[in-house]
Amino acid sequence: MKKFLCVVLAVLTVVFAFAACSKTESKETLVMATNAEFPPYEYHDGDAIVGIDAEIAQAIADKLGMELKIEDVAFDSIIPGVQSKKYDMGMAGMTVTDERLQSVNFSTSYAKGVQVVIVKEDSDIKSVDDVAGKKIGVQTSTTGDIYACDDFGEENVTKYDNGAVAVQALVSGKVDCVIIDNEPAKSYVAANEGLKILDTTYVEEDYAICFNKENTELMNKVNAALAELTADGTVQKIVDKYINAE
């Protein structure tokens with residue numbers, strides 16, 4: 001009898017251990033698509049993807065009891081990937097626009113963005129008005145790309161895979177200026193001697209998370225988590241970690 005009880009206890013131990021393990025493994029994954037070429041919102045630190053968006057997404061996943069998985073892809077493949085349900089959401093310093101709203105839904109805004117113009121220090125471009133007729137570098141499918149094509153003509157815009165390549169085109173004289181978000185612009189200017197950001201702002205915008213139009217359940221859950229994280233100061237704390245108030 002004693003031997004029988006030991007066997008039963010051993011079997012139960014294995015069963016409970018398996019059940020606990022299965023419960024852990026069944027934790028739902030939240031797949032986020034980003035383009036990790038946009039500091040301080042998302043960028044590589046060794047093998048890890050870090051930044052404002054990465055930390056806010058992790059905080060959201062924690063709130064929802066989900067496991068966050070970040071996929072680094074080309075910026076212009078994020079929305080198609082969300083549309084096809086390859087990714088649960090897209091978060092990449094992405095601005096809400098009427099054009100994008102035709103393809104995906106957006107969360108409430110979690111950050112403000114400002115589009116600026118980078119030029120060489122000796123450039124004759126002194127304000128946004130002087131950009132007309134110049135060769136403009138942008139990152140493909142970003143709002144900088146959209147606004148520049150609309151305002152200055154697509155024939156004057158050269159599109160690059162990421163902001164760093166666009167800035168190198170400016171350094172080498174292939175373009176006269178680069179239109180991009182202010183925060184990565186500051187990083188690029190700091191890393192490349194002889195460049196500056198124009199004092200005048202080009203466009204102000206709101207950043208949000210995109211979702212498949214059919215996945216309103218997830219969007220509502222993320223919005224609820226985002227509201228809590230905003231109310232308790234977590235979102236602002238993350239933003240302040242990466243962006244020093246001027």
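**Entry 1: the whole chain**

What percentage of the 246 residues in the chain do buried residues make up? I looked this up and found 46%, where buried means under 20% relative accessible area, exposed over 50% and partly exposed in between, with a 1.4 Å probe and protein chains only. I keep in mind that this is a predicted model, in which local features need pLDDT of at least 70, side-chain atom pairs count only at pLDDT 80 or more, and totals for chains, interfaces and linings use all residues. Residues are numbered from 1 along each chain as its sequence is written, and side-chain values use heavy atoms, with hydrogens and water left out.

I then turned to secondary structure, which comes to nine helices and 14 strands; helices (H or I, at least four residues) and strands (E, at least two) are DSSP runs, numbered from the N terminus. For contacts, meaning heavy atoms within 4.5 Å, I took those between residues at least 6 apart in sequence, and 72% of them join residues at least 24 apart.

I checked the length of α2 (residues 52-64). Its end C-alpha atoms are 18 Å apart, which agrees with the 18 Å that 13 residues should span at 1.5 Å a residue; the expected span is 1.5 Å times one less than the number of residues. Its buried residues include Ile-52, Asp-53, Ile-56 and Ile-60. Just after α2, I noted Gly-65 with a positive phi of about 70 degrees.

Helix α8 (residues 216-231) has 16 residues and reaches 22 Å from first C-alpha to last, close to the expected 22 Å. Leu-218, Met-219 and Val-222 are among its buried residues. The buried residues of α8 pack against β1 (29-34), α2, β7 (105-106), β14 (210-211) and α9 (234-242). Just after α8, Gly-233 takes a positive phi of about 90 degrees.

How do the axes of α2 and α8 cross, and within what distance do they come? They come within 9 Å and cross at roughly 110 degrees; axes are lines fitted to C-alpha atoms, for helices over the stretch in contact, and angles run from 0 to 180 degrees between N-to-C directions. The two helices are therefore roughly perpendicular to each other, given that 65 to 115 degrees counts as roughly perpendicular, under 35 as roughly parallel, over 145 as roughly antiparallel and the rest as oblique. Where they meet, α2 brings residues including Ile-56 and Lys-63, and α8 brings residues including Lys-221 and Glu-228.

**Entry 2: helix α7**

In α7 (residues 182-191), I found Asn-182, Glu-183, Pro-184, Ala-185, Tyr-188 and Val-189 buried. Their cover includes β8 (111-120), α6 (163-171) and β11 (177-181). At the start of α7, a side-chain oxygen of Asp-181 reaches to within 2.9 Å of the backbone nitrogen of Glu-183.

**Entry 3: Glu-71**

Glu-71 lies in strand β5 (residues 67-72). Leaving aside neighbours within four places in sequence, Glu-71 is in contact with Val-31, Met-32, Ala-33, Thr-34 and Tyr-87. The C-alpha atoms of Glu-71 and Tyr-87 are separated by 8.3 Å, and the two are 16 residues apart along the chain.

**Entry 4: cysteines**

I looked for disulfides, pairs of cysteine sulfur atoms within 2.5 Å, and the structure holds zero. Cys-177 counts as buried at 0% relative accessibility, and Cys-210 counts as buried at 0% too.

How values were computed: A polar contact is a pair of N or O atoms within 3.5 Å; within protein, one must be able to donate a hydrogen and the other to accept it, and residues adjacent in sequence count only if both atoms are side-chain atoms.
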